[in-house]
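Biologist: I have not looked at this one before. Can you walk me through it?

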Amino acid sequence: MIQISYKDPRPIHEQVEDGVRRLIISGALPPGDQLPSVRELATTLAINPNTIARAYHDLETQGYVYKVPGKGSFVSDELPVDTHRRDELLQTLDQTVAELLYLGANSTELKARIDAAHARQEGGAK
């Protein structure tokens, strides 16, 4: 489920984009699945359809979804290798790990979380 927060400083289309991306990565939207129509999702989230269209367009540009004219948008069969996004996330991870270590977390605890996330990802990929 995609949630929009008006307290989030990011534009609404980025929140929608991130929400759909998370659903794809988690396996909640498997490859080949059709995304809700622009109008349907706009109605569900009570936002402008142009906002949804922009988010879908950005996801298509990034390779997460593809369009079939007259049919709608679908989850791509293979997730893209987005090195820019990967680098951004690794930077965020570095900052988060540094703060967690400062707050008393230990490397064993952090590794266990990474291993658990990996296991969930592998389980969802089957």
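Modeller: We can go from the overall layout to single residues.

Biologist: What kind of model is it?

Modeller: This is a predicted model.

Biologist: How many helices and strands does the protein chain have?

Modeller: The protein chain has five helices and two strands. Starting at the N terminus, the order is α-α-α-β-β-α-α.

Biologist: And what does the C-alpha trace span?

Modeller: Along the principal axes, the C-alpha trace of the protein chain spans about 50 × 35 × 25 Å.

Biologist: What share of the residues is buried?

Modeller: Of the 126 residues in the protein chain, 24% are buried. The chain exposes about 9,000 Å², and 54% of that area comes from carbon and sulfur atoms.

Biologist: How many positive and negative side chains are there?

Modeller: There are 14 positive and 18 negative side chains in the protein chain. The centres of these two sets lie 4 Å apart.

Biologist: What about contacts between residues at least 6 apart in sequence: what part of them joins residues at least 24 apart?

Modeller: In the protein chain, that part is 47%.

Biologist: Let's go inside. Which residues touch the most other members of the largest nonpolar core?

Modeller: Val16, Val20 and Ile52 do, in a core of 18 residues. H1, H2 and H3 are the elements that give two or more residues to this core.

Biologist: What is Val20 in contact with, leaving aside neighbours within four places in sequence?

Modeller: On that basis, Val20 is in contact with Ile2, Leu29, Leu35, Tyr56 and Leu59.

Biologist: Now H2. Which of its residues are buried?

Modeller: Helix H2 covers residues 38–45, and Leu41, Ala42 and Leu45 are buried there. These three are on the same side of H2 because they cover an arc of only 100° around the axis.

Biologist: Why would residues a few places apart point the same way?

Modeller: An α-helix has 3.6 residues a turn, so residues three or four places apart point the same way.

Biologist: What covers the buried residues of H2?

Modeller: The cover includes helix H1, residues 12–26, and helix H3, residues 49–62.

Biologist: And which exposed residues are on the face turned away from the buried side?

Modeller: That face of H2 carries Arg39, Thr43 and Thr44, which are exposed.

Biologist: How far is Val38 from Asn48 in space?

Modeller: The C-alpha to C-alpha distance between Val38 and Asn48 is 9.3 Å, and they are 10 residues apart in sequence.

Biologist: What comes just after H2?

Modeller: Ala46 does, with a positive phi of about 55°. This is a positive value in a residue other than glycine. Ala46 sits in the loop between H2 and H3.

Biologist: Is Ala46 buried or exposed?

Modeller: Exposed, because its relative accessibility is 64% and the cut-off for exposed is over 50%.

Biologist: Switching topic: where is Pro80?

Modeller: Pro80 lies in the loop between strand E2, residues 72–75, and helix H4, residues 83–102. Its relative accessibility is 25%, so Pro80 counts as partly exposed.

Biologist: What does Pro80 contact, leaving out neighbours within four places in sequence?

Modeller: Pro80 is in contact with Gln62, Gly63 and Tyr64. Pro80 and Gln62 are 18 residues apart in sequence, and their C-alpha atoms are 7.0 Å apart in space.

Biologist: Last topic, helix H5. What can you say about Ser107?

Modeller: Helix H5 covers residues 107–125, and Ser107 is found in it. Ser107 counts as exposed, at 53% relative accessibility. The C-alpha atoms of Ser107 and Val97 are separated by 9.1 Å, with the two residues 10 apart along the chain.

Biologist: And Ile114?

Modeller: Ile114 is also placed in helix H5. At 54% relative accessibility, Ile114 counts as exposed.

Biologist: How far apart are the C-alpha atoms of Ile114 and Lys7?

Modeller: They are separated by 29 Å, and Ile114 and Lys7 are 107 residues apart along the chain.

Definitions and conventions: Residues are numbered from 1 along each chain as its sequence is written. This is a predicted model: local features need pLDDT of at least 70, side-chain atom pairs count only at pLDDT 80 or more; totals for chains, interfaces and linings use all residues. Side-chain values use heavy atoms; hydrogens and water are left out. Helices (H or I, at least four residues) and strands (E, at least two) are DSSP runs, numbered from the N terminus. Buried means under 20% relative accessible area, exposed over 50%, partly exposed in between (1.4 Å probe, protein chains only). Contact means heavy atoms within 4.5 Å. Accessible areas come from the Shrake-Rupley method with a 1.4 Å probe; for residues, only the protein chains shown count as cover. Lys and Arg count as positive and Asp and Glu as negative; His and the chain ends are not counted. The place of a charge is taken as NZ of Lys, CZ of Arg, CG of Asp or CD of Glu. The arc is that of the directions from the helix axis to the C-beta atoms. A nonpolar core is a set of buried Ala, Val, Leu, Ile, Met, Phe, Trp, Tyr and Cys residues joined through side-chain atoms within 4.5 Å.
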